Amino acid sequence: EGKGEGKGEGKGEGKGEGKGEGKGEGKGEGKGQGKGQGQGQGQEGQPQGDSQDQDNQPNQGQSDDQSPARKRIEAAENKMRQAQKRLEEANRKGAADEQQKALDDLKAAKLELEKILRQMREEQIERVLAMLEGRFRKMLVEQIEVYEGTVRLDKVPDADRSHDDEIEASRLSRKESGIVLEADKALNLLHEEGSAVAFPESVEQMRDDMQQVAARLARAKVEQVTQVVEEDIIKQLEETIAALQKAQKDQKSGKPRPGQAQGQPQEPPLVDKIAELKMIRALQMRVNSRTKRYSKLLEGDVEETDRPDLVEALKRLAEREERIHQVTHDIVVGKNR
């Protein structure tokens, strides 16, 4: 009898105060108190009350200031839980209503998110276009200075050129190398942005021409071959700046981009397809024009030291032609999308 009574009280209030009166108070009391305290703290030695409080506490990391889209998603989740509960209760009509409400909330949240993402994308495009225009304007100013310096040196007859003229040619070469670095920065920005195809190719070809000019100026080669390339660089920079200005104007006007399908959720590109095709056309015309000019120079009175350079330049133009063809194909198949 004493044994049964001790166990009953222990479960309810800490295993009682002993195993029973008949079996010895000392032994029963010690055992009863030990078990009572242990059970009060939980089976694993962890306070049960604290565990429940932790489960019921709200997530401290959640912000009260949530976006409309986030609130709509949470509302949809709540309605889906209600729908699941109704299904479990076999109330299928009510569950269908809750599921429809959840779908409506999810659609609204999706539209809100698409709007936010599109606004962010438009702001990103504005920043990139402005940065690129500023960089190309700086390159144009410096390129014109290099070209004018090259023309001045070319007016000095070979027999009259001094060591100072060589130093000046070297200075122009270093300045041209600085323009190459600016072109590399612009090219990295375009590659990171990722939506344009012809634009990066145009800048790459322009950078190649700049490197060629820097190498020729380092050898004090300031004659017509160098000037032809410099003139093409200046023209290409002017065309690039004009294209960037038009893209910024179209962006601010908010009108749909030419060449884009209406009603599609795809992100707007940095420049539209028409602008890309215009760049390809300009690249092709530049290759054709330079090929003719180099051919005339080879047929005419040109220094023997320049002939290998011209032959190599013609080979590079053939490679450039193939790259233009590849870029055109990439735009047609939508590789940048």
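The following paragraphs describe the fold, the confidence and selected side-chain features of a predicted model.

Residues are numbered from 1 along each chain as its sequence is written, and side-chain values use heavy atoms, with hydrogens and water left out. Because the model is predicted, local features need pLDDT of at least 70 and side-chain atom pairs count only at pLDDT 80 or more, whereas totals for chains, interfaces and linings use all residues.

The chain contains ten helices and zero strands, where helices (H or I, at least four residues) and strands (E, at least two) are DSSP runs numbered from the N terminus. The order of elements from the N terminus on is accordingly α-α-α-α-α-α-α-α-α-α. Of the 337 residues in the chain, 35% are buried, a class defined by under 20% relative accessible area, with exposed meaning over 50% and partly exposed lying in between (1.4 Å probe, protein chains only). Among contacts (heavy atoms within 4.5 Å) with a separation of 6 or more, 68% are made by residues 24 or more positions apart.

Confidence is expressed as pLDDT, the predictor's confidence in each residue, from 0 to 100; its mean over the chain is 74, and 68% of the residues reach 70 or more. Helix α6 (residues 163–193) has the highest confidence, at a mean of 93, and helix α2 (residues 25–40) the lowest, at 43. Over residues 1–65 the pLDDT is below 50, and this stretch has 35 contacts in the model beyond near neighbours in sequence. Residues 258–265 likewise stay under 50, with ten contacts beyond four places in sequence.

The structure holds one aromatic pair, for which rings of Phe, Tyr and Trp (its six-membered ring) must have centres within 6.5 Å, with planes under 30 degrees apart counted as stacked, over 60 as edge-to-face and the rest as tilted. This pair, formed by F136 and F199, is stacked, at 6.3 Å centre to centre and 20° between the planes. F136 lies in helix α5 (residues 92–154) and F199 in helix α7 (residues 198–218), so the pair ties together parts that are 63 residues apart in sequence. Both F136 and F199 are buried.

By contrast, M80, in helix α4 (residues 68–88), counts as partly exposed, at 38% relative accessibility.
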